[in-house]
Amino acid sequence: MDPNNVNEASDKMSDDGEMASVMGFSGFGKKARTFDLDAIFEQTRRTAIERSQRALERKQNDDQMEEEGESSKSVKSSVHTQRDKAATATSRKQESESSSDSGSDSDSESELIGPPLPPQYTAQDDDDEHVRLPRLPGNAAHSDDDEGETQDDDDDDDDDNPVKKIPDTHEITLQHGTKTVSALALDPSGARLVTGGYDYDVRFWDFAGMDQALQAFRSLQPCECHQIKTLQYSNTGDVILVVSGNAQAKVLDRDGFNVMECVKGDQYIVDMAKTKGHTAMLNSGCWHPKIKEEFMTCSNDGTVRTWDLSSEKKHKSVFKPRSFQGKKVIPTCCTYSRDGKLIAAGCQDGTIQIWDRNLSVHTKFHCRQAHIPGSDTSCLSFSYDGMTLASRGGDDTLKMWDIRNFRNPVNFATGLTNYFTMTDCCFSPDDKLLVTGTSVKKDEGNGKLVFFERTSFQKVYEIEVTNASVVRCLWHPKLNQIMVGTGNGLSKVYYDPVKSHRGAKLCVVKSQRKERQAETLTQDYIITPHALPMFREARQRSTRKQLEKDRLDPKKSHKPEPPVSGPGRGGRVAAHGGTLSSFIVKNIALDKTDDSNPRQAILRHAKEASENPYWVAPAYTQTQPEPVFAEESEEDEEADKEPEWKKRKI
């Protein structure tokens, strides 16, 4: 070997070592590895064809095993796994051979010099299992690669079934009171629930602030002694519309404080359009879905009025429902369309009348025989697409209308008992189901929440809520939870831990707070800051410590003895002497003194009083003179002996 070449190689190696220590990597002077992309594409194509052939063979084998009745998923999966491993090893070996043949004079394959491979080629070289194969017809149910797709298809089927979306696996019960819950409202975010009832109370429930005790954080009577008919949050959630049995609607803020009260109209004016407000009891009301300052009310005075939050002295516009003969008709419910352009009202004569919001004279749509005349239409609800209207009638029916063809209902259901003028109906968030409640008499069954499919109008599901009527129902689209108000003072919330969001899920996970004992003063404490030190009382630092000390004291913590009733127990006699009246009767019965002669009764103590003076005589013992009494004379004796008619009359 030439010594000069050896010296040059050693110098080169030392230079490479110094360069590697400075740069942080080695391998200087080596030629970069090259890749033949055409060969890689060809190899990928061959692998795909081989896998397709193996999948076809597996399908044929599976069909044969099913015919013989000896198919086994566990054996099949193990065989498939071994085949896949063998195929993977073969393909990797072939790729390594092709890359080694196509590569140039690189000394080592472990150290690659040059830019990294693109991600798609790296994934193909590292793991051939990620290569998507062309799907063979009829192979989706049997191939292992398509099991996930089969599960996705099943999930799609569940999504197509609207019954699977009903959140009814769990429920919580909120105790509003003992009377009917006639109003429910949930703000758009789903954070607060408001309930109102026949007991005149409005209760506020905060899901985020409640624990498992499920107590309302505020209760008030905004309309004094009037039943609450309707509650609704505005589209921004900052104010609440309260419609009660009086003629004036109120608007409250989120905390229950008064924001506005509508003016009352003049009841002596015949034309209701000339009055500034309603003159009779309200029946229903709702907010405009787009304009946050506008709301609507309907009343027994035969008008539907719209109001503006900024002007409480006068209504905004008046709509007057009319019968076929042109007479006044009382609207029992009202609502806006989803876009806010239409106003619908259900009337006592069984008609449903719809106006354009900007034209209050003539109706745009009018159905004269929607329900039986004389029955109160309890609810109108537009679908989310705005083309369908659902009506809940007092004639025990639920009907669905297409407002483009408003003469006849699209579908209807009968036999849905309705005893209340505010029984609700609403659409599901996906617009595929229609929900309403049924009424029952006392102790005659359970009230139900009934679900109808929108297209076929078949009853697909029902929930037995409680042994009272189901009056209000509300399906919140954001929470995916169903709120129900019943006739026995309960408000129930149905939810699903997987399909629902927030709402009732926030409060059921919180443990109930431990009640703290009320800290009361054990004794009256008079604050005298300028008193002298000798008269100053020690300040009570903590009443809780004093209560704990008093609890350990057996005398202070002794429970007072209850009054004894009956013959007596525990050494206490209750036959007589237990009360003041029995004590007096007992003493009267034991007193044997005879008070028939009052003079003798007084003189009975004269001797003792003279011998032992106690009250007056001791004070005058030294100064009191001796009493001198006149002696009896003979004249007095003779006068006594005179006859009565001679005696001097005094």
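1. Two strands count as paired if DSSP finds at least two bridges between them. Strands (E, at least two residues) and helices (H or I, at least four) are DSSP runs, numbered from the N terminus. On that basis β3 and strand β4 (residues 202–206) are antiparallel partners joined by 5 bridges, and Thr 195 stands opposite Arg 203 in β4.

2. Some notes on the source. The model is predicted: local features need pLDDT of at least 70, side-chain atom pairs count only at pLDDT 80 or more, and totals for chains, interfaces and linings use all residues. Residues are numbered from 1 along each chain as its sequence is written, and side-chain values use heavy atoms, with hydrogens and water left out.

3. The β3 and β4 strands make a hairpin with 4 residues between them. In its turn, Tyr 200 has a positive phi of about 70°. On to the next strand, β4 also pairs with β5 (residues 218–220), antiparallel, through 3 bridges. Here Phe 204 stands opposite Arg 218 in β5.

4. An open sheet of 4 strands runs in the order β14-β15-β16-β17, with antiparallel pairing. β14 (331–336) and β17 are the edge strands; each has a single partner strand, so one side of each lacks a neighbour in the sheet. From one strand to the next the twist averages 15°, where axes are lines fitted to C-alpha atoms (for helices over the stretch in contact) and angles run from 0 to 180 degrees between N-to-C directions. Within this sheet, 5 bridges hold the antiparallel pair of β14 and β15 (residues 342–347), and Cys 334 stands opposite Ala 345 in β15.

5. Another open sheet of 4 strands has the order β22-β23-β24-β25, again with antiparallel pairing. Its edges are β22 (425–427) and β25 (459–466), each with a single partner strand, so one side of each is left without a neighbour. The twist averages 20° from one strand to the next. β22 is joined to β23 (residues 433–437) by 3 bridges in the antiparallel sense, with Cys 425 opposite Thr 436.

6. The whole structure contains 19 salt bridges, a salt bridge being a side-chain nitrogen of Lys or Arg within 4 Å of a carboxyl oxygen of Asp or Glu. One of them joins Arg 254 to Asp 187, with the closest N and O atoms 3.3 Å apart. This pair links distant parts of the chain, 67 residues apart: Arg 254 lies in the loop between β8 (250–253) and β9 (258–261), Asp 187 in the loop between β2 (181–186) and β3 (192–197). Asp 187 is buried at 1% relative accessible area, whereas Arg 254, at 25%, counts as partly exposed. The cut-offs are under 20% relative accessible area for buried, over 50% for exposed, and in between for partly exposed (1.4 Å probe, protein chains only).

7. A salt bridge also forms between Arg 357 and Glu 294, whose closest N and O atoms are 2.7 Å apart. Arg 357 is in the loop between β16 (352–356) and β17 (365–367), and Glu 294 is in strand β11 (residues 294–299), 63 residues apart in the chain. Both residues, Arg 357 and Glu 294, are buried.

8. Glu 462 and Lys 459 form a salt bridge with closest N and O atoms 3.3 Å apart. Glu 462 is partly exposed, at 31% relative accessible area. Elsewhere, salt bridges with shared partners join Glu 42, Arg 45 and Arg 46 into one network.
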